[in-house]
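Student: I am new to this structure. Please take one part of it and walk me through that part closely.

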Amino acid sequence: REQLGRCRSPPPLKRIIDAPDAAPTLFPAPDLAQLLAYVRAVWDELRLLSPVWWSAQRETVLVAGFFQALTNDERLMHHSVGFGHLILEASKVELDATGMPKIKGRTDIVFLHGSHMGPALVMEFKRLNNGSSLRGHYVKEGVRRFVTGQYSPEADLGMMVGLVLGSVATERAALLTHLSKPAVVAAMQSKAMSHSAYGDPSQDAPSVDFDTLHDRPAGCLAAEIRVGHILLER
């Protein structure tokens, strides 16, 4: 099995602040680990409950249902997630060349850390079904948005969440194969981690399945981004 690097403790999420001489702010590693474990724990709970929306085909319905469960006060208190808050369909606004505001990107779920000018963790959701068409969509309309800076241009970490209708083990293997294709590596500006196109296991295991690391355009405040891939079985 190909191995290109050693396992190390996961770094915190870093936000680069677009202001002269401003130091980056950090999403502490213990808080990040607790949040990611919470996301997986709530999904596992919902699998047993099988809420009405569970079998929905529309991605927006699945994400909205999951968001409602994640923001439940009792769950948040039980899991001691009190260091920030979640937002559904957050929009990033910037000024265009004429000075008019425009929406640059709308993300699925964002967790804002409660620290002063703290980082935000973007979680982008895509359906997967053990088929190649949705896998391509996951990469082109999901991972690519982190790579280009449409999502999290000031942060060095983002999360892709695959909602898998079928086998997670099958999807995981096929997705890693897809991400390792030379054309995909080039298009996603992927960098070697423990393997030539990805890191397995994730630096945030066991909550996150694997990672990919990507170079980004000059316009991004964070020059590279690690994308964690969370696969949740429906």
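This is a predicted model: local features need pLDDT of at least 70, side-chain atom pairs count only at pLDDT 80 or more; totals for chains, interfaces and linings use all residues.

**The open sheet and the helices across it**

Seven strands form an open sheet in the order β3-β6-β7-β8-β11-β10-β9, and their pairing is mixed. Strands β3 (84-88) and β9 lie at the edges, where each pairs on one side only.

Start with a pair from inside that order. Strand β6 covers residues 109-113, and strand β7 covers residues 120-128. They pair in the antiparallel sense over four bridges. Find Phe111 and look across: Leu121 in β7 stands opposite.

Now go to the other end of the order. Strand β10 spans residues 210-215. Five of its six residues are buried, so this strand is mostly covered. Strand β11, residues 224-233, joins β10 through six bridges, and the two run antiparallel.

Helix α1 lies across β6, β7, β8 and β11. Against β11, α1 runs at about 25°. Helix α5 lies across β7, β8, β10 and β11. Against β11, α5 runs at about 155°.

Stay with α1 for a moment. Helix α1 holds 21 residues, 29-49. At 1.5 Å a residue, α1 should span 30 Å. The C-alpha atoms at its ends are 30 Å apart, which agrees. The buried residues of α1 are Asp31, Leu32, Leu35, Leu36, Tyr38, Val39, Arg40, Val42, Trp43 and Leu46. With a relative accessible area of 39%, Asp44 is partly exposed. Between Asp44 and Gly149 there are 31 Å in space, C-alpha to C-alpha, and they are 105 residues apart in sequence. Just after α1 comes Ser50, which takes a positive phi of about 50°.

Helix α1 also meets another helix. Helix α2 covers residues 59-70. The two axes come within 10 Å and cross at roughly 110°. That makes α1 roughly perpendicular to α2. On the α1 side, the contact involves Tyr38, Val39, Val42, Trp43 and Leu46. On the α2 side, it involves Phe66, Ala69 and Leu70. By class, this contact has eight nonpolar residues, no polar residues and no charged residues.

Ser152 sits in the loop between α4 (132-148) and β8 (157-164). Its relative accessibility is 6%, so Ser152 counts as buried. Leaving out residues up to four places away in sequence, Ser152 touches Val122, Phe146, Leu157, Arg216 and Ile225.

Lys181 is in the loop between α5 (168-179) and α6 (182-187). Its relative accessibility is 43%, so Lys181 counts as partly exposed. Ala197 is 16 residues from Lys181 in sequence. In space, the two are 8.6 Å apart, C-alpha to C-alpha.

Notes. Residues are numbered from 1 along each chain as its sequence is written. Side-chain values use heavy atoms; hydrogens and water are left out. The expected span of a helix is 1.5 Å times one less than its number of residues. Buried means under 20% relative accessible area, exposed over 50%, partly exposed in between (1.4 Å probe, protein chains only). Axes are lines fitted to C-alpha atoms, for helices over the stretch in contact, and angles run from 0 to 180 degrees between N-to-C directions. Angles under 35 degrees count as roughly parallel, over 145 as roughly antiparallel, 65 to 115 as roughly perpendicular and the rest as oblique. Contact means heavy atoms within 4.5 Å. Ala, Val, Leu, Ile, Met, Phe, Trp, Tyr, Cys and Pro count as nonpolar, Asp, Glu, Lys and Arg as charged, and the others, Gly among them, as polar. Two strands pair if DSSP finds at least two bridges between them.
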